[in-house]
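Hello,

Here is the structure I promised to pass on, followed by some notes on what turned up in it.

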Amino acid sequence: MRKVLMVAIALVTPLLAQNAVPEWCKALPRPEYKSIERVPVSDPWFEVYRPAPGVFAIYEPHQSEETIGYLIVGEKRAIEFDTGMGISDFKKVVEELTKLPVTVLNSHTHDDHVGSNWQFDHVLGMDTDFTRKNAQGSKEDAQEEIAPGEICGALPSQFDAKAYATKAWKIAGYIHDGEKFDLGGRTIEVIATPGHTPDAISLFDRANGLLFTGDTYYPAPIWLFRPETDLNAYAASIRKLAALEPQVKMVLGAHNIPVAPPSVLSRLVMAFDKVRAGKVAPEPESPGKVLYKVDGFAFLMKAPSP
């Protein structure tokens, strides 16, 4: 009997941990989604929204990163900008949204943006050692994404937590700053925006005024503390994007909420300049990190040296 009881406890405990409500989850659903058209898909792990014609925001609200990948559809081809966590069947969702051939581009190659790259045949990357290293996959990084407090609600029934890893994926070719993709009736431009990572890019649909910023901008604390982060490069990149503001109608970041006004671009520059000029007092965060909050933005950075 004791053995049966212990087995029952072992089975129930992970479910209890999984179903506990972490603090970040209490903010959901985010009210901004009420004004965006929702598109039904079969997989409940994802929520899909249409923030602009021919653009689908594939959102993962059940994991703390709240990643958003964007399917950008033309008349002949489509681009998938980031493939999320790799927790559920991302490709199946894409195939429910379009039957066109799909090219995958990544805003950068942190694990929460490349998790389902392995499912696609045509993945293009920036020509950096950082990209090539991350294309090899990682179990350690993936396991951190499902640690206690990282999941809101239930994981997919077919998900194997113990085996979860960012699978290796093949780089089919390299892209460069300024490269353009003709999707048929829609042209997408690559804008190199290094800083958050060496391989960070943004995409610009100039004709429709849509700027996809990846992790260079999103409406949450922007991570600028990792070893691969270059603050000088980041400062230059956000200026590059701010120069486009007169041509931008909508900014689409890679986490939390898929839409922001063009004005965030110039305000982001001013906020980051204040931080670097020492005009913002840091707030202690986790060990070795501090949070700078200024003018509606937040930057998570390394703690200053004593």
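Leu244 counts as buried, because its relative accessibility is 13%, and the cut-off for buried is under 20%. Please keep in mind as you read that this is a predicted model.

Where does Leu244 sit? Its place is the loop that runs between helix 6 (231–242) and strand 14 (250–253). If you set aside the neighbours within four places in sequence, Leu244 is in contact with Ile191, Phe204, Arg206 and Leu211. I also looked at Leu244 and Gly214: they are 30 residues apart in sequence, and their C-alpha atoms are 16 Å apart in space.

**Salt bridges**

Side chains of opposite charge can pair when their charged atoms come close. The structure holds twelve salt bridges, and here are some of them.

Arg206 meets Glu189 in a salt bridge, at 2.7 Å from N to O. Glu189 belongs to strand 10 (residues 187–192), while Arg206 is in the loop between strand 11 (201–205) and strand 12 (210–214), so this pair ties together parts that are 17 residues apart in sequence. The two partners also have their own accessibility values: Glu189 is buried, with a relative accessible area of 11%, whereas Arg206 is partly exposed at 35%.

Next come Lys274 and Asp295, whose side chains form a salt bridge of 2.7 Å, N to O. Lys274 lies in helix 7 (residues 264–276) and Asp295 in the loop between strand 16 (289–294) and strand 17 (297–302), so the pair ties together parts 21 residues apart in sequence. Lys274 is partly exposed, with a relative accessible area of 33%, and Asp295 is partly exposed too, at 46%.

Which residue does Lys293 pair with? Its partner is Glu283, and the closest N and O atoms of this salt bridge are 3.7 Å apart. Since Lys293 is in strand 16 and Glu283 in strand 15 (residues 283–284), the pair ties together parts that are ten residues apart in sequence. For Lys293 the relative accessible area is 48%, which makes this lysine partly exposed; Glu283 is partly exposed as well, with 35%.

Finally, there is a network: salt bridges link Asp127, Asp129 and Arg132.

Happy browsing, and do write back with any questions.

Best wishes

Note on methods
Residues numbered from 1 in each chain as written. Predicted model: local features only at pLDDT ≥ 70, side-chain atom pairs only at ≥ 80, totals over all residues. Heavy atoms only, no water. Helix = DSSP H or I, 4+ residues; strand = E, 2+ residues; numbered from the N terminus. Buried < 20%, exposed > 50% of the residue type's maximum accessible area, 1.4 Å probe, protein only. Contact = heavy atoms within 4.5 Å. Salt bridge = Lys/Arg side-chain N within 4 Å of Asp/Glu carboxyl O.
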